[in-house]
Amino acid sequence: MLSSTISGGAAISRPYEDPVGDDCRVYVFTLGGTIDKDYPKLTSGYAFEFGDESAAQRILETHPNLGISYKIKSICKKDSLEIAPNDRDNLCLEIENMIEMRRYHLESLLRIVVTHGTDTMIETAMYIKNKIKAKNWGLTPHFVIAFTGATKPERFVDSDASFNVGCAVAATSCPCEPWSVVICMNGNVIPVEQCVRDEASGLFMKVVVKK
């Protein structure tokens, strides 16, 4: 069974035995955003707020037939427009710690999902990719970091949260380029360096390079 902490912080673990092999283990880091917005607790409340549990936790716990084990850790609970440099640094530190812990297990796949608000998701994902790429790691395990979120809170019946989280989890198992950081939104998996958001539709799209 997975232990209940990641890098010294509180985390949520899947409550039964891991499937065979590290490749079936997924680490989820949450930073708030629309996906995690919850109904106000106060009777006089009118604005959505962040609850005690994340959307990723609710989604994964309600699918008992998953072929993965997982850990979930909250980095922060913020609207993505309020994400600060120290929040990104804290996320980067957690990911770097995971890479360091696994650097001598070169045959395994390190699978990481990050849930994030949509407004600055690309900026954070690009920041993480550049920070990790800048370090002189030497030999490291193959890893995929998938960023995802939602356009409506997971609590809404017509939310895209469950679909997007499922896509992100699956994307981390796919044979992407080494050291891949991808955006998983709107049914697409896009390398962050090729991802843009269309202002009119709000869709995340792949940059088309003309030859």
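Predicted model: local features only at pLDDT ≥ 70, side-chain atom pairs only at ≥ 80, totals over all residues.

A: **The helix pair and selected residues**

Helix α2 (residues 85–102) and helix α3 (residues 121–134) have axes that come within 10 Å and cross at roughly 45°. Because of this angle, α2 is oblique to α3. The crossing of α2 and α3 is right-handed. The residues making the contact are R88, D89, L91, C92, I95, E96 and I99 on α2, and E123, T124, Y127, I128, K131 and I132 on α3. Sorted by class, the contact of α2 with α3 holds seven nonpolar, one polar and five charged residues.

Residues are numbered from 1 along each chain as its sequence is written, and side-chain values use heavy atoms, with hydrogens and water left out.

The terms are used as follows. Helices (H or I, at least four residues) and strands (E, at least two) are DSSP runs numbered from the N terminus. Axes are lines fitted to C-alpha atoms, for helices over the stretch in contact, with angles from 0 to 180 degrees between N-to-C directions. Angles under 35 degrees are roughly parallel, over 145 roughly antiparallel, 65 to 115 roughly perpendicular, and the rest oblique. A crossing is right-handed if the near helix is turned clockwise from the far one by less than a right angle, and left-handed if anticlockwise. Contact means heavy atoms within 4.5 Å. Ala, Val, Leu, Ile, Met, Phe, Trp, Tyr, Cys and Pro count as nonpolar, Asp, Glu, Lys and Arg as charged, and the others, Gly among them, as polar.

The chain as a whole has four helices and 13 strands. Of its 211 residues, 48% are buried (under 20% relative accessible area; exposed is over 50%, partly exposed in between, with a 1.4 Å probe and protein chains only). Among contacts between residues at least 6 apart in sequence, 69% join residues at least 24 apart.

T118 lies in the loop between β8 (109–115) and α3. Its relative accessibility is 10%, so T118 counts as buried. Not counting residues up to four places away in sequence, T118 touches S80, A150, M185, R197 and F204. With R197, T118 makes a polar contact between side chains at 3.4 Å (a pair of N or O atoms within 3.5 Å; within protein, one must be able to donate a hydrogen and the other to accept it, and residues adjacent in sequence count only if both atoms are side-chain atoms). T118 and T34 are 84 residues apart in sequence, with their C-alpha atoms 7.6 Å apart in space.

K73, in strand β7 (residues 69–78), counts as buried because its relative accessibility is 9%. The side chains of K73 and E94 make a polar contact of 2.6 Å.

In the loop between α1 (55–61) and β7 lies T62, which counts as exposed because its relative accessibility is 55%. A polar atom of the T62 side chain lies 2.9 Å from the backbone oxygen of I59, and the side chains of T62 and H63 are joined by a polar contact of 3.3 Å.
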